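I opened my notebook for a look through this structure. Here is what I looked up, entry by entry.

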Amino acid sequence: MTKTATTQSTTNKIRNFSIIAHIDHGKTTLTDAFLQLTQTVTPQQFRERMLDSNPIEQERGVTIKLAPVRMQYQGYTLNLIDTPGHVDFGYEVSRSLAACEGAVLLIDATQGIQAQTLANWHKAQALGLTIIPVLNKIDLASAEIEQTLLETMETFNVSEDEIILASAKTQENVDKILQAVINQVPPPKTTPKAALQALIITSVFDAHKGAIAYVRVMQGALKNQSLYLLATQTKFSPKEIGVFAPNMKPVKELRAGEVGYLATGLKDIKFLKIGDTITSNQARNQVTALPGFKNPQPMVFMELYPIDNHDFAALKDAMAKLKLNDAALKYRATHSPALGNGLRVGFLGIFHAEVIRERLEREFNLELIATAPAVTYQVITKQNSKLVINHPNEMPDPSEIAEIQEPIAKTMIFSPSEYLDKVIKFCRQKRGRLLNTTNLGNRIKLDYQLPLAELITDFHDQLKSLSSGFASLEYELSGYKPVDAVKVDILINKELIPALSFMAVRAEAETKGRTLVKRLKKVVPRQLFEIPLQAAIGGKIIARETLRAYRKDVTAKLYGGDRTRRMKLLQKQSKGKKKMKQVGKVELN
């Protein structure tokens, strides 16, 4: 048998697949069951949520960073690529799925199809993947198996015998899922003697090995040779090539169809962009890039300031360390007269921001003040140039603005029908435009166009609250639309505080300005002089609260006597307060 035939025979025994599901539908529990069933880990090595290495992943029950694992089962090599579980990491999910030929679509029998179930199914379908529908948690008393079966058949156009009923927790029918992967998912398609093409599905940083790329080899073989990254035009020589079993295990080469890792030795993870193509340096001019690559763009911006200004160097150092494992994280130094030195950070979404902030506080012991999250606006000037505005303070003079555009998200909401009126009313308040409604038995699917600025605050929490926790939501950016927005400035003691400026729709600006100055009244420390707290649009004050001065009893030491002495002391105090009001500074803690 020739070497080519042997390689083809090996490739036919490979299955690359992923598990796609809504949050909390049991994806990570099923992964654990696969690891146990295939004996990839021994009972002594096993622990729950094996592929979630970060403590925040363990606690929140959400996969933040994808992790591949290689399993051997019935003579087949099964490469499972565990995907992130949150909407903020949708691009990573799409690149992970691009590395697969099949996907296990996991549906919770107690909750039915949710927003992310459908969104991930669309992504898998668009990539032409073989999809295996699985109903999970059938062991629970609250499981509505018949209803969920009908919903699955109707939504995904599958027959009842195509759906596997399973329980990842009790491992019931888990073997049937793996058997379906072997029988239904096609082996990788490869071209003999083709030049190397490897897809980067994610990247991490190691202090000893440098930037490490998690890769799927699409064509050719990845071995110890001079390599080239097409998107970043970077040449390098690999330090180590290996597979996940589930820990890193070095091998001599990765062949077409295989999934593994590549220790590049590069000192900066920014060179390893998710979705980029790796090829040999020799073939760099002949090989075309794999489709679907894009640079992840930050959509939510926040400013982080250390409570103790002496911690600014520690904050910069901590952020640099986090960026080593997160190429999507972007930041730069900023300064606020009130809050001192800080960092302006760009995130993929509000969940991404929460995770990073929690890691800074927990892993690096930093106490931080975070400004309100803001989105990126586009401004068309009267000279017809387009400006990208990441912070309200970057807004040009209103006289130069022809149009302001805000990011719009295509949003999918699933809600029980009894909460429909409340959900529609809530979305209308948030400037949503209803595009379509689909009846799914006792639940309704709503397609909305919603401004991203409304989604990133507490939209998800409020939606859960008004639907008793049953509604679910998924969104993706769909472009920019014109908006009548204004920049609202906040002044404390007539001094502009740039960090507190925000953008608002003109009709809501006054209400939001009033709300903020009322909240400031509760947190700004009182002084010995009166402090005006104001919200302004341009030079016009739209809201004001007054923080009363502390009153010192200057006449306490007087006992009777001439009244004029008492009046002199009160007049002197009044003059002093007037002077302090003019020159006094407010310190924000």
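Predicted model: local features only at pLDDT ≥ 70, side-chain atom pairs only at ≥ 80, totals over all residues.

**Entry: positive phi values**

I started with Ser-468, which lies in the loop between α12 (459–466) and β27. Ser-468 is not a glycine, yet its phi is positive, at about 55°. I asked myself why that deserves a note: most residues other than glycine have a negative phi. Ser-468 has 48% relative accessibility, so I logged it as partly exposed.

Next I found Gln-74 in the loop between β2 (67–73) and β3 (76–82). Its phi is positive too, near 50°. With 47% relative accessibility, Gln-74 counts as partly exposed.

**Entry: helix α2**

Is helix α2 (residues 27–37) enclosed or open? I found eight of its 11 residues buried, so the helix is largely enclosed by the rest of the structure. For that call, buried means under 20% relative accessible area. Among the buried residues of α2 I listed Leu-30, Phe-34 and Leu-35, and also Lys-27 and Asp-32.

**Entry: strand β16**

I then checked which strands pair with β16 (residues 277–280). Strand β7 (residues 197–206) pairs with β16 in the antiparallel sense over two bridges. In this pairing I noted Ala-198, whose bridge partner in β16 is Ile-278. Strand β10 (residues 227–229) also runs antiparallel to β16, and three bridges join them. Here Tyr-228 has Thr-279 of β16 as its bridge partner.

**Entry: salt bridges**

How many salt bridges does the structure hold? I have 22 on record, and I looked up a few of them.

Arg-332 forms a salt bridge with Glu-394, with the closest N and O atoms 2.9 Å apart. This pair links distant parts of the chain, 62 residues apart: Arg-332 is in strand β18 (residues 330–336), and Glu-394 is in the loop between β23 (386–389) and β24 (401–416). Both ends went down as partly exposed, Arg-332 with a relative accessible area of 42% and Glu-394 at 31%.

Asp-484 and Arg-506 meet through their side chains in a salt bridge of 3.0 Å, N to O. They also link distant parts of the chain, 22 residues apart, with Asp-484 in the loop between β27 (472–482) and β28 (485–492) and Arg-506 in helix α13 (residues 506–523). Asp-484 is partly exposed at 43% relative accessibility, and Arg-506 is partly exposed at 47%.

For Lys-487 and Asp-489, I noted a salt bridge with the closest N and O atoms 3.5 Å apart. Lys-487 is partly exposed, with a relative accessible area of 24%, whereas Asp-489 is buried, at 11%.

I also found a network of salt bridges that links Glu-406, Arg-431 and Glu-454.

**Entry: a charged patch**

Last, which residues form the negative surface patch? I wrote down Glu-146, Glu-160, Asp-161 and Glu-162. I followed up on Glu-162, which sits in the loop between α6 (145–156) and β6 (164–165). Its relative accessibility is 40%, so Glu-162 counts as partly exposed.

How values were computed. Residues numbered from 1 in each chain as written. Heavy atoms only, no water. Patch = residues over 30% accessible without salt bridge, like charges linked within 9 Å, V, L, I, M, F, W, Y side chains within 5 Å. Areas by Shrake-Rupley, 256 points an atom, 1.4 Å probe, with all protein chains shown as cover. Salt bridge = Lys/Arg side-chain N within 4 Å of Asp/Glu carboxyl O. Lys, Arg positive; Asp, Glu negative; His and termini not counted. Charge placed at Lys NZ, Arg CZ, Asp CG, Glu CD. Helix = DSSP H or I, 4+ residues; strand = E, 2+ residues; numbered from the N terminus. Buried < 20%, exposed > 50% of the residue type's maximum accessible area, 1.4 Å probe, protein only. Pairing = 2+ DSSP bridges.
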